[in-house]
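Good morning. Please have the structure open on your screens while I talk.

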Amino acid sequence: MVAPGGGAGGGPSRWPAAEELDTVRKKVVEISGRDEQEVMVAACPYRICPLGAHIDHQGGVVTAMTINYGVLLGFVPSNGSEVLLHSGQFEGAIRFRVDDLQKPIDKPENINWGSYAKGAVSALQNSGYDLRKGIIGYISGVKGLDSSGLSSSAAVGIAYLLALEHVNDLVISPVDNIQLDKYIENKYLGLENGILDPSAILLSRYGYLTFMDCKTASPSYVCFSELNKSQQPQGQLPFKILLAFSGLQHNLPKKRGYNTRVSECKEAARALLHASGCEDTPNILCNVDPVVYETQKCVLEENLSRRAEHYLFEMKRVTKGRDAWAHGNLQELGQLISESGRSSILNYECGSKEMIQLYEILLKAPGALGARFSGAGFRGCCLAIVESDRAEDAAAYVRAEYEKAQPELVSRIPADRRVLVCEPGDSARVILPDPHLSS
């Protein structure tokens, strides 16, 4: 998707703001020596997943929306095949060529901030696309929000894909870009995630909840309160998104707890399918009939039974959540989100002591309708849906209570990033140069 130079999204929250775009463009001018009127910006928002936790890699149906924060990649085409990148978060420069063969990373410790750009080139190369031009770019995320369970890595990968496609005149659909980003994460970096993250970033629409069937890779959209005759005024939503940060950060490929859970889900599916005479069916839980689980769960070890139970009940929560969203029933939606969070702890068994403390604090915050972990649940942040007019009170409560519980961790988080009040966002896009910029 390509947007004109203003950068406004479809909703009332304008992201990226004009000053953010101006900062990124000026950095690219410094690096490249080019005119500011030539600088394009790939804007890739972070995402949340209200329902559908941990089931995308099993072919489940997940929900997603973006928020009004994200990654900005300012870029101009290079004069040849060279890629030159600088970062707002990391020192040094990354240089390589788009005609170099990019081999997958063999060890997690070899991943660095330039790996995602090389992964984007590798994904396009292996899909048969002809890359002739590189980019000169400056990439910047939101300080403190990387490695926080908001899919910042997918946002980075998609930003590089969009930029490379743009300068090479490649027209690639959002659905195809979902698979290209999945290649970056799965094949190039070695992370066994599904398509939730890129689907959310590439397909979200303001005012809608995106539902992605991860088995068929087919999206659908439900407008908030579309079945309720007393709908909200155009452009306004009656809730805010609260993000509360734990202070725990690590890179998923370097922490194998996530991949272990994926393997356990596959093993549970294999055992259930084998017990029901479906040995040749792919070993993912979306292929297991709920009746089969109820009749054959005795063949599972306790931990595998819990993984399967989380999947099956999370699918039911997604179905109920669709109806609640369509009717504008935030109380029911919030209850389902909180139930999802509890199942992540008890059945999927993710979340550290600190993350669980933060989740429980959010549940008690004034105006909170529902809460759960964001992302895989092993680090990062928790999210809550809160009543719009009580969002600031909720944020103040969570800041104070979590600091009491974890003063050392809180001290590591920038003061203005400990709890954020966010709004729903739009999809990733390339913002063309502003025609009003002076040369």
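This is a predicted model: local features need pLDDT of at least 70, side-chain atom pairs count only at pLDDT 80 or more; totals for chains, interfaces and linings use all residues.

Start with strand 4, residues 82-87. Strand 4 runs antiparallel to strand 5, and 5 bridges join them. For one of the residues involved, V83, the bridge partner in strand 5 is F96. The hairpin made by strand 4 and strand 5 has 5 residues between the strands. In this hairpin, G92 takes a positive phi near 85°.

Now stay with strand 5, which covers residues 93-97. Which of its residues are on the covered face? They are I94 and F96. The uncovered face has A93, R95 and R97. So F96, the partner of V83, belongs to the covered face, by the definition of bridge pairing used here.

Next, the rings. A search of the whole structure finds 5 aromatic pairs. One of them is Y359 with F373: the ring centres are 6.1 Å apart and the planes are at 65°, so this pair is edge-to-face. Planes count as edge-to-face when they are over 60 degrees apart. Y359 is in helix 10, residues 353-363, and F373 is in strand 10, residues 368-373. The two are 14 residues apart, and the pair links distant parts of the chain. Are they buried or exposed? Both Y359 and F373 are buried.

Elsewhere, F224, F239 and W325 form one aromatic cluster.

Last, the arginines. The charged end of R205 sits over the ring of Y208, 5.9 Å from the ring centre. R322 lies over the face of F211, and here the figure is 4.1 Å from the ring centre.

Note on methods:
Residues are numbered from 1 along each chain as its sequence is written. Side-chain values use heavy atoms; hydrogens and water are left out. Buried means under 20% relative accessible area, exposed over 50%, partly exposed in between (1.4 Å probe, protein chains only). Helices (H or I, at least four residues) and strands (E, at least two) are DSSP runs, numbered from the N terminus. Two strands pair if DSSP finds at least two bridges between them. Rings of Phe, Tyr and Trp (its six-membered ring) pair if their centres lie within 6.5 Å; planes under 30 degrees apart count as stacked, over 60 as edge-to-face and the rest as tilted. A charge sits over a ring if NZ of Lys or CZ of Arg is within 6 Å of the ring centre and within 35 degrees of the ring normal.
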